[in-house]
Amino acid sequence: MHGSRSAALRRARSAALIGLAVAVSAGCSGGDEGKSGEAAEQAARPPGVHSWTSRPCDLLTGAAPAEGFTLGSTTDSASSDAREDLGENGARPLYRQTGCLADLKAPDGTFWKLSTRASVYEDPEAAGHAYRVKEDLDRAHGRGPEKVHDAAYAIPADDRGRPGRTLLLWNGDLVLTVSAYAPHGSTEHDVQQGLERIVGNAARRTEDGLRDHDASSPAP
């Protein structure tokens with residue numbers, strides 16, 4: 001069990017480092033259509049070991065969600081019970097889920113929404129499988145995943161007419177989903193940059209907050 005977990009983490013680390021190289025290359029070549037700031041914020045990290053928390057909203061405090069934005073009321077959504085996921089070949093790997101729903105206040109006084117959902121798996125291979133299945137489903141439904149790096153992608157989102165953006169990220173034993181929504185009446189073009197920064201910042205802080213920084217780094 002330990003050997004398969006280590007091998008999976010090594011494969012995940014290799015994939016993440018390849019994605020990082022691609023992101024850096026795109027930023028240097030100017031081929032990211034002016035999104036080099038976002039690419040730098042969402043660059044792939046070597047996979048780590050993550051822990052479940054009962055207070056996921058605490059991971060978003062202490063810094064602005066994006067420039068000029070403030071974090072308002074928050075609601076933790078966390079269950080310590082392990083869930084079963086339908087894995088490959090009929091396997092049912094276990095994972096635990098935690099998430100946060102938050103109100104954001106923009107510089108102009110309008111209110112946006114932010115949600116995070118983190119699934120921490122017992123087996124990193126199962127986490128990678130779950131991420132790939134979700135990506136394939138989004139592609140099959142024509143949502144056209146936008147690659148952020150090799151282990152993360154973004155899709156447009158909508159909440160009863162509110163334009164939004166969803167980022168999905170895989171890192172080791174973690175699959176993370178972050179969504180942000182602008183106010184009603186907003187146009188996707190006008191709020192795109194704000195949405196990108198909010199989901200990027202929230203994803204980075206959540207992943208970092210769940211990461212066990214004392215755990216040994218996977219062998220290359």
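## Ground rules

Two strands count as paired if DSSP finds at least two bridges between them. Helices (H or I, at least four residues) and strands (E, at least two) are DSSP runs, numbered from the N terminus. What you're looking at is a predicted model, where local features need pLDDT of at least 70 and side-chain atom pairs count only at pLDDT 80 or more, while totals for chains, interfaces and linings use all residues. Residues are numbered from 1 along each chain as its sequence is written, and side-chain values use heavy atoms, with hydrogens and water left out.

Seven strands make up an open, antiparallel sheet, ordered 1-2-3-7-6-5-4. Strand 1 (70-84) and strand 4 sit at the edges with a single partner strand each, so one side of each has no neighbour in the sheet.

## Around strand 5

Let's zoom in on strand 5 (residues 152-159). Six of its eight residues are buried (under 20% relative accessible area, with exposed being over 50% and partly exposed in between; 1.4 Å probe, protein chains only), so strand 5 is largely enclosed by the rest of the structure.

On one side, strand 4 (residues 146-149) pairs with strand 5 in the antiparallel sense over three bridges, and His 149 has Ala 152 as its bridge partner. A hairpin of two residues links strand 4 to strand 5. Strand 5 also runs antiparallel to strand 6 (residues 162-171), joined by eight bridges, with Pro 156 opposite Arg 165. That pair is a hairpin too, with two residues between the strands, and Arg 160 in the turn has a positive phi of about 50°. Strand 6 in turn has eight bridges to strand 7 (residues 174-181), again antiparallel; here Asn 171 stands opposite Leu 174.

## Helices and cores

Helix 3 (residues 124-140) lies across strands 3, 4, 5, 6 and 7, at about 145° to strand 6. Helix 4 (residues 188-210) lies across strands 2, 3, 5, 6 and 7, at about 150° to strand 7.

A nonpolar core here is a set of buried Ala, Val, Leu, Ile, Met, Phe, Trp, Tyr and Cys residues joined through side-chain atoms within 4.5 Å. The largest has 30 residues, and those with the most contacts inside it include Phe 69, Trp 112 and Ile 198. Helix 4 gives this core its largest share, seven residues. Apart from it lies another core, of 12 residues, with Ala 127, Ala 151, Ile 155 and Trp 170 among them.

Note on methods
Contact = heavy atoms within 4.5 Å. Axes fitted to C-alpha atoms, helices over the stretch in contact; angles between N-to-C directions.
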